[in-house]
Amino acid sequence: MKSKYFFKTLLSSVFILIIFAAFAACEKKQDGTNDNNNAGNSGNTIKIGEYGSLTGEKATFGQSTKKGIALAQEEINKVGGLLGKQVEIIVEDTRGLPQESTTVVQKLIDKDKVIAVLGEVASTNSLAGGAVCQEKKIPMITPSSTNADVTKIGDQIFRVCFVDDFQGEVMAKFAANTLKVKKIAILRDNGSDYSKGLANFFEQTFKRLGGEIIAIESFQDKDSDFSAQLTKLKGLNPEALYVPGYYTQAGQIAQQARKAGITVPIMGGDGWDSQTLFELGKEALNGCYISNHYTIEDPDPTVQKFITNFKAKFGETPDALAALAYDAACIMFDSIKRANSTDRQAIRDAIAQTKEFKGVTGVITIGPNRDAIKSAVILEIQNGKYKFRESVKPDNTTVSVELPNTDTSSKTATAAK
Ligand code: PHE
């Protein structure tokens with residue numbers, strides 16, 4: 001009797017132990033240590049990595065991006081998060097450097113076990129971090145890297161912004177057709193894939209339209225004295241300068257160009273977009289033009305709602321980086337929802353299938369090359385503010401606003417090819 005009872009107890013203990021062990025195994029699988037596909041799904045959160053330049057030469061890029069993503073995260077978590085869990089964003093600082101981008105993306109994937117990655121801003125850094133994501137098969141969306149090579153890294157890499165062949169073409173057409181200038185000098189950042197690429201695309205289109213590039217001078221991203229290049233360019237009498245670089249140098253170049261006696265318009269790209277540009281360039285920037293991703297003057301309710309919410313949370317007006325970051329995060333969340341899984345392949349496929357997503361920076365469809373096909377805007381700088389001038393659609397139709405001292409008719413839609 002006694003031994004029967006003993007066996008019964010032993011058997012049920014063993015049974016309980018087996019059940020316990022099975023549970024423990026499941027638990028272990030879920031925390032991602034045993035099963036890669038479930039990584040980043042541990043505990044109560046969905047983990048997404050973000051890498052950006054929070055400090056250094058391009059600090060406002062990373063800071064604005066972080067705010068845009070944080071707003072999107074707050075909104076999704078308020079309505080219950082994703083797949084029944086809250087979204088956690090793990091942010092790493094690249095200090096604006098490609099080597100650091102490689103290191104922090106490795107850390108996000110290997111240590112934090114994120115299921116997907118958002119970042120970087122500067123194309124050179126996205127090329128570095130993107131190579132890691134591609135190798136480790138983690139989907140990445142860059143909000144704002146426009147260099148053509150970024151998404152060519154491979155099938156895991158996406159962007160929600162336009163590409164520099166379009167951006168360069170848009171500005172070259174504006175110079176030729178609206179500003180009606182014929183002789184342009186280029187000053188580019190030779191350490192930046194973005195700057196070199198944009199300079200090339202601008203040159204191609206401007207020449208095709210009959211314009212002449214009278215000189216190409218260069219600098220490196222740590223430079224702060226551009227007097228040698230500017231003196232040389234002044235002697236050539238260009239009708240405009242094209243400076244496809246980042247805000248820290250662009251602001252200083254504008255200042256130094258005016259000091260050197262260059263009074264013609266200076267044109268730049270999205271890389272100028274930062275409040276710091278105005279602090280550095282001040283009134284030297286009046287009458288300069290940039291191409292960019294959105295304008296705060298857009299009356300579209302989606303845009304205005306975003307601006308209101310962003311101002312309420314951060315007490316500042318969102319720049320293009322913040323807007324693109326918000327769109328990238330929303331598309332990432334929407335893709336995870338549609339994938340209905342934290343499986344990386346399923347998320348990758350869902351991102352690739354993004355169609356007509358109504359974003360702040362436009363309606364976003366991810367094309368076969370994992371790029372977004374979108375409009376660009378041309379903004380004029382006046383007294384520390386951007387004024388909307390033109391919106392150029394991917395099919396090259398232009399909606400323009402009258403420029404002072406030009407004969408462009410007000411608010412007319414023109415097909416400028
Ligand atoms: N397009 C830039 C790059 O690829 C980054 C950028 C985007 C900067 C938008 C400012 C605004 O390097």
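Which residues lie nearest the centre of the largest cavity? The legends below take us there. This is a predicted model, where local features need pLDDT of at least 70 and side-chain atom pairs count only at pLDDT 80 or more, while totals for chains, interfaces and linings use all residues. Residues are numbered from 1 along each chain as its sequence is written, and side-chain values use heavy atoms, leaving out hydrogens and water.

**View 1. The largest cavity and its lining.** V121, S144, D270, G271 and L321 lie nearest the centre, among 17 lining residues. Here a cavity is a set of points, on a 1 Å grid over the protein atoms alone, where a 1.4 Å probe fits but cannot get out, and lining residues have an atom within 4 Å of a point. The ligand takes up this space; more than half of its atoms lie within 2 Å of the grid points.

**View 2. Neighbours of the ligand.** Let's meet the 13 residues around the ligand, with S123, S144, T146, Y246 and D270 the closest. To be near, a residue needs a heavy atom within 4 Å.

View 3. A polar contact pairs N or O atoms within 3.5 Å. For D270, a polar side-chain atom is 2.8 Å from a nitrogen atom of the ligand. S144 uses a backbone N or O atom, 3.0 Å from a ligand nitrogen atom.

Note on methods:
Polar contact = N/O pair within 3.5 Å; in protein donor to acceptor, adjacent residues only side chain to side chain. 1 Å grid on protein atoms, 1.4 Å probe; cavity = no way out; pocket = protein on both sides within 12 Å on 5 of 7 lines; lining within 4 Å.
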